[in-house]
Each structure stands twice: as C-alpha cells, then as structure tokens.
Amino acid sequence: IGLNDRAKDGVWVWDSGDPSTFRAWSSWYNPNPNSEDVAHMGSFVGGLWNDDLSGDLQFGQALVEYIN
C-alpha cells in the first residue's frame, strides 16, 4: 500500500518519505524487528493491514494513489 519501515524498524512512512500517523493493523500484525518491512492490505483479514517481507507479497491487491 506504499507504507514501509525499511529505514528504521517500527517507524512507518509512506514511499514518498512522508510520515504516517494513520494505522489499520489487523490482529495478524506482529512487529518483528528486521523481518517484515512493507505493509499490505489483506482480504483474509477484512481489508485491514499486515506487514510482510519486502518483495514477498502474494495476494495481488493494491491501493494506488493517483496524482494528476
């Protein structure tokens, strides 16, 4: 969804680098340091968020921001 904590574990920012204060984590979310750095939205958790390994997303869902 464009949210990650690659630079510092637990500090979630948008891909633009802007800070993020909104969260919609599912109960599956488990903040493991140095393991899962990108957020994704999962239908298996009702559209709430979970974190995953960078590049390991397998659910085929996306949230896109279009800037004209």
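**View 1. D15 in the loop between β2 and β3.** D15 is found in the loop between β2 and β3. The model shown here and in the views below is predicted. At 57% relative accessibility, above the 50% cut-off, D15 counts as exposed. With neighbours within four places in sequence left aside, D15 is in contact with G2, L3, N4 and R6. The C-alpha atoms of D15 and I1 are separated by 9.0 Å, and these two residues are 14 residues apart along the chain.

**View 2. The whole chain, for orientation.** The secondary structure comes to four strands and zero helices. Read from the N terminus on, the elements run β-β-β-β. The chain has 68 residues, and 26% of them count as buried. Its accessible surface comes to about 4800 Å², and 52% of that surface belongs to carbon and sulfur atoms. Among the contacts with a separation of 6 or more, 33% are accounted for by residues 24 or more positions apart. The average pLDDT of the chain is 78, and 74% of the residues score at least 70. Confidence is highest in β2, at 92, and lowest in β4, at a mean of 84.

**View 3. Strands β3 and β4.** β3 and β4 pair in the antiparallel sense, over four bridges. M41 stands opposite W49, which is in β4. In a regular strand, side chains alternate between the two faces of the sheet. In β4, W49 and D51 are on one side, while N50 and D52 are on the other. These residues are all buried, and both faces of β4 are covered.

View 4. W49 is found in strand β4. Its relative accessibility is 7%, and buried means under 20%, so W49 counts as buried. Which residues does W49 touch, not counting residues up to four places away in sequence? The contacts of W49 are I1, L3, W14, F22, R23, A24, W25, S26, H40 and M41. A39 is ten residues apart from W49 in sequence, and the two are 6.4 Å apart in space, C-alpha to C-alpha.

**View 5. The largest nonpolar core.** This core has six residues in all. L3, W12, A24, W25, A39 and W49 make it up.

**View 6. The aromatic pair F22 and W49.** The count of aromatic pairs comes to six. In one of them, the ring centres of F22 and W49 are 5.6 Å apart. The planes of these two rings stand at 75°, and planes over 60 degrees apart count as edge-to-face, so this pair is edge-to-face. F22 is in the loop between β2 (13-14) and β3 (38-41), and W49 is in strand β4 (residues 49-52). The pair links distant parts of the chain, 27 residues apart. Are the two partners buried or exposed? F22, at 53% relative accessibility, counts as exposed, whereas W49, at 7%, counts as buried.

**View 7. The aromatic pair W25 and W49.** W25 lies in the loop between β2 and β3 and W49 lies in strand β4, so the pair ties together parts that are 24 residues apart in sequence. Both W25 and W49 are buried. One aromatic cluster is formed by W12, W14, F22, W25, Y29 and W49.

View 8. S27 is found in the loop between β2 and β3. At 73% relative accessibility, S27 counts as exposed. S27 and N50 are 23 residues apart in sequence, and their C-alpha to C-alpha distance in space is 8.2 Å. G46 has its place in the loop between β3 and β4. G46 counts as exposed, at 69% relative accessibility. S26 is 20 residues apart from G46 in sequence and 8.4 Å apart in space, C-alpha to C-alpha.

Terms used:
Residues are numbered from 1 along each chain as its sequence is written. This is a predicted model: local features need pLDDT of at least 70, side-chain atom pairs count only at pLDDT 80 or more; totals for chains, interfaces and linings use all residues. Side-chain values use heavy atoms; hydrogens and water are left out. Rings of Phe, Tyr and Trp (its six-membered ring) pair if their centres lie within 6.5 Å; planes under 30 degrees apart count as stacked, over 60 as edge-to-face and the rest as tilted. Helices (H or I, at least four residues) and strands (E, at least two) are DSSP runs, numbered from the N terminus. Buried means under 20% relative accessible area, exposed over 50%, partly exposed in between (1.4 Å probe, protein chains only). A nonpolar core is a set of buried Ala, Val, Leu, Ile, Met, Phe, Trp, Tyr and Cys residues joined through side-chain atoms within 4.5 Å. Contact means heavy atoms within 4.5 Å. Accessible areas come from the Shrake-Rupley method with a 1.4 Å probe; for residues, only the protein chains shown count as cover. Two strands pair if DSSP finds at least two bridges between them. pLDDT is the predictor's confidence in each residue, from 0 to 100.
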